[in-house]
Amino acid sequence: MSSCSTGRQADHFTMAPKGGTFFFLLIVACAAFDMMPGKKPDFKDMAKKMMMKCKNKGYPIPKMRLLHSIFNNSDLPTENRNADQSNPLQSAFLDVLDSVSTVRADQDSLGRVPLDKPDKMRNKMWNCTHLSTMINLMRNSSEASACYMRAFVAPLSWATLTTQGENNMDSGDYEALLLAAKPALLSMKRMIFPTRVEGQNMKMMMRMLRGAYDPMSEHQRTQVLKWAKEQITENYFNCSLRPSSNSRSMLMERCEPSLKWLNLEALIMMGPYLSRLAPHDVDSSPKEKLCEFFHSDQFRSTLSRVTPMSPRLGEKFLQKFQECFSGQKEIAEHIDKFGTLACYYYNAPDMTPDLSKKFLSQIADCNSPRIIKVKKRLLESVISNSNSTNILEIVSKLGGCVTLLSPQQLSMIPDTDLKKILKTLGPNVQWTKAQVCSLIKNQLGNKKCKKVSYKELKVLQSVMEGVPSCMLKHVEAQEILSDTEGLKNISKRMRKGQLKAVLQRLRENVDPSELVQKLPGPLLRSISLNNLDKAKITSLDQVENKIWSLPQAAFLAKKLHDLKQLQYKRMRSILQGLTCKMIYKVADSDALDLAEAIDEAPQWLSKVQTGCAARKLFATLEKKRRDYFKTITVEELNDIPTSLLLHLLPSKVNDLPDSVCPVFLDKMEEANLSSLPLRSPSRPALTKRALLCLINGTALSGLTIEDVSRLGPLLCELQPSQLSLMVPDVLNSTLQDMASCHHIPQPHRAALLKLVKQTFGDPSDWSAETTESLGPLLLLDDSATPALPNKPWMKDVLYFLKSPLPHISEVLKKKFFYLTITTSQNSTNSVHNAIPDKTPNVELIEELQMTNVYWTAKQLNTISKDTFLATVEILGSISDYDADQLAVLSEKATEAFGPVSQMTESAVTQIGCIAQGFSNSDLEKLPFSLDTLEEIAHCSWNESQIQSVWKSVAKLNNLRAHRLGAAEMVALNRFICGLSPNEIQQLNLDAFKDAVGSMNGIQCSFKIAQYLKSLAVSAFGEPSTWTEAQVSDLGNIIAGLNANELASLDPSVFPFLSETCITLIPPKNFAALSVAQLAALGPDNAAMVTKEQRAALGGKQLASLERATFSSQTEETESGAPSLSVEGISAFMKPLLFLVMGFLLL
């Protein structure tokens, strides 16, 4: 091959018709890929996913004429190819491109051109001395011009690196391939690394991996660390850290525990991946090398990038760091190098103002309770030593720590300086209510409804929630719409009532179709169905690439369905509006297209929709041949999107042939089980099949750690009896991996905890490191949490463990509370026997946050006036105080702010839920602002209190029911339930239609819900005619339907009911639902059904409700989907027989 001209290469990276720059690279990579048996599906899938990203970004697909010119360039060798033969690389490229582009005429019924056979892809490996130059040109070319080529090159470059010996290429080519392969690496769920990389190549590999750190997931970062540790010990120390069950570890000696493998070179190579080390790994670093690293420039850059460490690792590194210096003074001189370690410097000494400012900038994003105390102490030191002339300079250097300034301190900053600070901070800073009030007053003055410009609003984006709604009604429409990005930032912080106020202003002068085109984010999602209908949507072009609410998506999906414009891969968030009826009517030729669209945007689909799409796809595939899944090929299985494959019936899963095991395991490893119902019989079936693939006719005792990792999230489905058959090192590793599980089946938990204790000993004897590693498994058992020892480190560890949890149990909250208020000297293993020796003060209340609810009324009564004033917003944010606590706290409120009749709007805003402690007559006297009702809607108000708050709001704001606009209705939130029946009947229908979609969280008594329902009937017609969009829009108001009205709803709307609505339906009315309606609820809604509602159902209804929990429905034969099989009925009905018999015997 001729040498590659740089000028000609540059042309081709901008897709010019001459030259062969990419061609050589593809030949090299494809040749390497061809040597990887069984890896082709990985390549195809990865390249396809990366090309889809190009398409979603709007990059044009390369024209065929251009591709012919590139792939068939005259400069490239043509031996062994006839003139009429197509280039094999072009065929391979087009095969992947076809799956994301327009359907070609020669595709089969499911829109596929099969990949060429391996022997057809074989070609001669060519050489080019300018490989490095070419890949650098690709890197430097515009993303749009080379995106699809990069998507094809990247996975093949990585294949070359992982399969070809590094001795086959020089360092320049190696580095060039690394750069080209980087995008593919980030697309891998399970990273496949080279078996051995040595010397300079290892440094280049780690340099590339360090550059890829930020976009990686935590799981990917852990994989990199594990591989790097193995490479360092095996290549540099000729010993292995791999477990004894690993075949590779048998080839060399095990490393001694005392091995100091973490030398300076290793520390530098690891870079930000150091944050993934175990605490004991730090002991593997020689002190002098650690100190040399701490003093180096690499340390500063490394620690500034890492994600938060576990408390034990952070403290271990900090301890080693401190040992490198002679005292606190010398440590303080290096305070600006701490990086993420600063988050664990709990005993930071007092510092000079300059050093304090440097350290505060380091800990601005640290949020643990102990470091927040340090922030406040140092901030006070900085402020007390400053003067008014340099306040702007000081505050501007504080970053996020500026939010720790008191309202009084903020009010002392000149308004011009404060404006600059607010502009710098942006929209994501969190302020207290009192701070918001102070900042708004500083910038806008005392006049509540003054006219403000859009320019003034932009300055206030970080405190936008405090701007009165009435001000927003005066902003000029064209000012707003001319700055989409600024409007996006402003609307992030707006309350629902504010969003409606802005829309109300915009609708006066702007056509709804223009609003649909120009409004961003939250404002777009606040457009009512009524106004969306007026936007005259006639094309998908008008609504694609936007994020819509569920009701809007349902409306648009129906509109596009009627217009015959359901182009699934362009719909994105509109996919959530598809009904199962629509899915079943999809043409067989479009089934895979729909499936892929769902797989590319799974976050938008419910479990019901995903299940329907899976059934449609499977039915279509089985039309090709009856025993499709028994005889499925590797390529065919790879074509089925993973999110839909999860819904395959258990019998079909069991039928999968052994030949597809590699692809099946790849799919399971990257699967997201969130679309699969927790009680779906497919979960154990998939787990069983994956295990059979792994053991391949042997026993579970033969599994290695790497084998088990192939299970992906199915690891969390393993039964304890299966786990106990594993060899010790595999079991240890597996249990630690299971600590990251988002869900473990309830029946497995008791035996799993028993196995954990047998393997790792009694939790009361665990070290901090073990508790960090396995703690999430203990938290599954409410009885195990209180028994955790009250050791000095336990509070930090529990804070670390609870931070990522979606739900925190009451026992964990109580454990944290008692650890905080009990000194270590009085520690005990039991929460119930703990003797609290601290009383509520400012520091404790700020640390405890929502767990302040566990103070007794007697303890709360010891709070001083100053303490109450300093912490009132924290105490007022708690919604579930009991009557005794509220009585004490409401008394504290009157001591602090004066009698009820004298309280200001600001005081009422701050006391929040504490207002529940006042009598109804006092509530009517309190000056509740309409703009702040949303913030107290979560409090546990009773019906009479809600009525009193409404009366107060109506009086203060001069509101009358018949004059309420959409913005006012939305701002009232759940307090609209306080209107009398007569007032509800007076509400304006047009305003109600505009508001109802933003009122979806209100929970009224059934009596009031009936009146709101009557209003909905007047606005939208009889319930039997309500669409999916309208049912979703009405939210909890649906609970006001009577039995006959509920029974009249079309079953297709039931997946669109809100989950919170289910529990509000009276059992007698719920019993009127038909078998078809109950089956259509779907698993999430079915899980919300109460015991009382279940008790009101008959046997057939219970069986149907049980089916809904599995997300399996009997489909009508004309729908195009298969009916529920005999196997399916049997699987669902067996457990129900016992349930029904139980009812008969009552």
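Arg312 is buried, with a relative accessible area of 15%. The cut-off for buried is under 20%, so Arg312 makes the list. Keep in mind that this is a predicted model.

Where is Arg312? It lies in helix α16.

Helix α14 runs over residues 287-295. Four of its residues are buried: Leu290, Cys291, Phe293 and Phe294. Why are these four on the same side of α14? Because they cover an arc of only 160° around the axis. And what do the buried residues of α14 pack against? Four helices: α12 (264-270), α13 (279-282), α15 (297-303) and α16 (311-322).

How many disulfides does the structure hold? There are 10.

Cys291 sits in helix α14, and Cys324 in the loop between α16 and α17 (328-333), so the pair ties together parts that are 33 residues apart in sequence. The angle about the S-S bond is -90°, and the link of Cys291 and Cys324 is left-handed. Are these two cysteines buried or exposed? Cys291 is buried, at 13% relative accessibility. Cys324 is buried as well, with a relative accessible area of 16%.

Next, Cys716 and Cys741. They form a disulfide with sulfur atoms 2.0 Å apart. This pair links distant parts of the chain, 25 residues apart. Cys716 is in the loop between α42 (705-709) and α43 (720-723). Cys741 is in the loop between α44 (728-738) and α45 (746-760). The torsion about the S-S bond of Cys716 and Cys741 is about -90°, so this disulfide is left-handed. Both cysteines, Cys716 and Cys741, are buried.

Which parts of the chain does the pair link? Cys913 lies in the loop between α53 (905-911) and α54 (920-925). Cys939 lies in the loop between α55 (933-936) and α56 (943-957). That puts the two 26 residues apart. The torsion about the S-S bond of Cys913 and Cys939 is about -80°, so the handedness is left. Both Cys913 and Cys939 are buried.

Two further cysteines, briefly. Cys437 is partly exposed, with a relative accessible area of 36%. Cys1061 counts as buried, at 0% relative accessibility.

Back to α53, for Thr909. Thr909 is in that helix. At 12% relative accessibility, Thr909 is buried. Which residues does Thr909 contact, neighbours within four places in sequence aside? They are Lys433, Thr932 and Glu935. Now look at Gly876, 33 residues from Thr909 along the chain. The C-alpha atoms of Thr909 and Gly876 are separated by 8.9 Å.

Now a helix pair. Two packed helices are described by the angle between their axes and the distance between the axes. My example is α18 (residues 353-362) with α19 (residues 369-384). Their angle is about 140°, and their axes are 9 Å apart. The crossing of α18 and α19 is left-handed. Which residues meet? From α18 come Pro353, Ser356, Lys357, Phe359 and Leu360. From α19 come Val374, Lys375, Leu378, Leu379, Ser381 and Val382. By class, this contact of α18 with α19 has 7 nonpolar, 2 polar and 2 charged residues.

Last topic: backbone angles. Most residues other than glycine have a negative phi. Lys536 is not a glycine, yet its phi is positive, about 55°. Lys536 is in the loop between α31 (529-534) and α32 (550-562). Lys536 is exposed, with a relative accessible area of 65%.

Arg572 also has a positive phi, about 50°, although it is not a glycine. Arg572 lies in the loop between α33 (568-571) and α34 (580-584). Arg572 is partly exposed, with a relative accessible area of 24%.

That's my tour. Over to you.

Terms used:
Residues numbered from 1 in each chain as written. Predicted model: local features only at pLDDT ≥ 70, side-chain atom pairs only at ≥ 80, totals over all residues. Heavy atoms only, no water. Buried < 20%, exposed > 50% of the residue type's maximum accessible area, 1.4 Å probe, protein only. Arc of directions from axis to C-beta. Contact = heavy atoms within 4.5 Å. Disulfide = S-S within 2.5 Å. Axes fitted to C-alpha atoms, helices over the stretch in contact; angles between N-to-C directions. Left-handed = near helix turned anticlockwise from the far one by under 90°. Nonpolar A, V, L, I, M, F, W, Y, C, P; charged D, E, K, R; others polar.
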